[in-house]
Amino acid sequence: MTSSTQPGLAEALAAGTVVLDGGLSNQLEAAGYDLGDELWSARLLAERPEAITEAHLAYFEAGASVAITASYQAGFEGFARRGIGRARAARLLVLSVELAREAARRAAAGGAGRPLWVAASAGPYGAMLADGSEYRGRYGLSTGELERFHRPRLEVLAAAAPDALALETVPDAEEGAALVRAVRGLGVPAWLSYTVEGRRTRAGQPLEEAFAHAAGADEIIAVGVNCCAPEDVPYAIGVAARVTGKPVVVYPNSGEAWDPRARAWAGRSRFDAGQVEEWRNAGARLIGGCCRVGPAGIAAIARAL
């Protein structure tokens, strides 16, 4: 948990703006690790955990105050396909939080004179499928079925005592509703972040509908968007703030496009840290980067804020 000498993340967001980290996978790839399999960065939880700690530390040293764990694509089903049983899979989920905590300890020992938090990532159902469907949604499952899928992993992550749960890259308003239900009673605050295209979720629902699921949920301390184009952020901030009255979280991609079949990025970066002041003025309180936004980008955000 957070130390008694620093505020909780919800209190920090009420007081001002907090800097998130950037893309964990691209930092690991920059360090020379091949993430080209179904488990993505979660594979290194089992094979090279120290690499994950170093990646988190790079973001803390760049100015981030929140590390998002390597559990986005980590789940019981995905690990089972690799021959990893349920007990060890649960241990690896807990390890993802411990590695981020260790990075925070190292950053503090190195002189980081600010509060540092850890958010345990829980990706969407489509991340487990590893077929690109996290950018489409509409899985053909009911809200209840999605809640039952997410709850066991969220219980394990919550028991590891992160400062928050990051319910992130959610493509579908129905899955957003399931996740809001799935975190009830866990005792850990969460943020809910959709991946969007234009003014709609990736599944095509209006953002008003998507954000409304979190409006009355006390467990949800921030709502917003991630893993989207930078130009989609301003509209989403306005809708999220108006519909929920909660602090807004934004961490877009660089603007390059992901090809799920080739498992590669294409196009050019459109991420400009100069935009973050506009985002803050519009109501964003938790600001960082997602895919292809590395430590240099986070350092630029920290300077701008």
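**Cysteines and salt bridges**

A: The sulfur of C291 lies 4.1 Å from the closest cysteine sulfur, in C227, which is too far for a bond. This is a predicted model, in which local features need pLDDT of at least 70 and side-chain atom pairs count only at pLDDT 80 or more, while totals for chains, interfaces and linings use all residues. Residues are numbered from 1 along each chain as its sequence is written, and side-chain values use heavy atoms, with hydrogens and water left out.

Q: Is C291 buried or exposed?
A: C291 is buried at 6% relative accessibility, and C228 is buried at 1%. Buried means under 20% relative accessible area, exposed over 50%, and partly exposed in between (1.4 Å probe, protein chains only).

Q: Turning to charges, how many salt bridges are there?
A: There are 12, each a side-chain nitrogen of Lys or Arg within 4 Å of a carboxyl oxygen of Asp or Glu.

Q: Which residue does E50 pair with?
A: E50 pairs with R106, at 2.9 Å from N to O. The two are 56 residues apart, E50 in helix α4 (residues 49–62) and R106 in helix α6 (residues 86–109); helices are DSSP runs (H or I, at least four residues) numbered from the N terminus. E50 and R106 also belong to a salt-bridge network with E54, E102 and R105.

Conventions: Disulfide = S-S within 2.5 Å.
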